[in-house]
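Here are my notes on this model, point by point. Have a look at the structure first, then read along.

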Amino acid sequence: MHDHTMNIVLLGIGIGLLSLLAPGPVNLALVQFGARRGRRPAMRGALGIVGGDSLLGVASVLILGMGAALPDRVFSTTQIAAASLLIALGALLALRPTAVSASVERMHRPGRSFFMLTSLTPTALGGWIAMLAAMPFASDMTQLALFTMGVLIASSVWHPALGLAASELGNRLTEGGQQRLSQIGGLGMALLGAMLVLHQAF
């Protein structure tokens with residue numbers, strides 16, 4: 001039983017790290033913020049993201065727990081809707097890469113700002129729900145909670161490391177490079193959404 005529990009947590013850490021590698025809007029905002037403001041503000045921003053992820057993780061587990069009690073067709077439709085949201089917002093980010101830069105310029109309290117950015121970005125909640133819903137144990141609240149714990153551990157490692165790396169890059173990350181990262185991130189989100197839709201359809 002203990003081994004099974006650890007395996008689910010480790011699975012969450014592994015998949016969490018893989019999902020965080022894609023440069024989505026929150027990651028891109030942290031990179032740009034760290035490059036412009038330096039190490040300490042970037043670390044405070046990273047902690048804000050971890051707090052936002054914790055809120056979204058708990059909310060997603062509860063949403064899926066309620067959804068699992070619905071008829072299969074309703075639950076499946078909800079999953080497809082979340083994946084479709086990833087496609088739409090990923091396409092928007094790819095077409096308007098300057099949107100991330102504009103949000104970074106308005107940040108003055110990084111911890112609070114990144115917490116709000118993470119909590120209120122539809123792609124973040126949609127990504128959490130889509131990821132958890134794709135797990136074979138999506139209807140088991142206990143296993144889902146353990147998996148979520150693993151993803152949150154990954155977030156607690158990844159985001160501070162990313163903020164620190166971005167602060168070391170400084171001015172070497174040009175505006176054009178930041179916009180290209182935004183476009184790549186948008187395309188990655190759209191591709192992930194499309195794969196999840198196909199998974200549900202077939």
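1. A word on burial before anything else: a residue is called buried under 20% relative accessible area, exposed over 50%, and partly exposed in between, using a 1.4 Å probe and protein chains only. By that rule S155 is buried, with a relative accessible area of 1%. S155 lies in helix α8. Contact here means heavy atoms within 4.5 Å. Setting aside neighbours within four places in sequence, S155 is in contact with L20, V50, D53 and P160.

2. Some ground rules. This is a predicted model, where local features need pLDDT of at least 70 and side-chain atom pairs count only at pLDDT 80 or more, while totals for chains, interfaces and linings use all residues. Residues are numbered from 1 along each chain as its sequence is written, and side-chain values use heavy atoms, with hydrogens and water left out.

3. Now the overall layout. The protein chain has 9 helices and 0 strands, so read the elements as DSSP runs numbered from the N terminus (helices are H or I, at least four residues; strands are E, at least two). Of the 202 residues in the protein chain, 46% count as buried. Take the contacts between residues at least 6 apart in sequence: 86% of them join residues at least 24 apart. The protein chain exposes about 10300 Å², with carbon and sulfur atoms supplying 70% of it; accessible areas come from the Shrake-Rupley method with a 1.4 Å probe, and for residues only the protein chains shown count as cover.

4. Which residues hold the middle of the largest nonpolar core, in the sense of touching the most other members? Of its 18 residues, they are L64, W128, L132, F137, L144 and F147. The elements giving two or more residues to this core are α1 (2-21), α3 (39-67), α7 (122-133) and α8 (141-169), and α7 gives the most, with 6 residues. A second, separate core has 11 residues, among them A29, L30, F33 and A166. In soluble globular proteins, nonpolar side chains tend to be buried together.

5. α2 (residues 25-37) has 13 residues and reaches 18 Å from its first C-alpha to its last, close to the 18 Å expected at 1.5 Å a residue; the expected span is 1.5 Å times one less than the number of residues. How many of the residues of α2 are buried? The count is 11 of 13, so α2 is mostly covered by the under-20% rule. The buried residues include P25, N27, Q32 and G34. α2 is followed by G38, whose phi is positive, near 105 degrees.

6. M107 sits in the loop between α5 (98-105) and α6 (110-120), and M107 is buried, with a relative accessible area of 5%. M107 and F33 are 74 residues apart in sequence and 8.5 Å apart in space, C-alpha to C-alpha. Leaving aside neighbours within four places in sequence, M107 is in contact with F33, R37, S113, F114 and L117.

7. The structure holds 1 salt bridge, defined as a side-chain nitrogen of Lys or Arg within 4 Å of a carboxyl oxygen of Asp or Glu. The side chains of R39 and E168 form it (2.5 Å, N to O). The pair links distant parts of the chain, with R39 in helix α3 and E168 in helix α8, 129 residues apart. R39 is partly exposed at 47% relative accessibility, and E168 is partly exposed too, at 42%.

8. Last, the surface. V58, L62 and M141 form a nonpolar patch with about 260 Å² of accessible area together. Patch residues have over 30% relative accessible area and no salt bridge; like charges are joined within 9 Å and nonpolar side chains (Val, Leu, Ile, Met, Phe, Trp, Tyr) within 5 Å. M141 lies in helix α8 and is partly exposed, with a relative accessible area of 36%. L47, in helix α3, is exposed at 60%. L47 and H159 are 112 residues apart in sequence and 7.7 Å apart in space, C-alpha to C-alpha.

Key: A nonpolar core is a set of buried Ala, Val, Leu, Ile, Met, Phe, Trp, Tyr and Cys residues joined through side-chain atoms within 4.5 Å.
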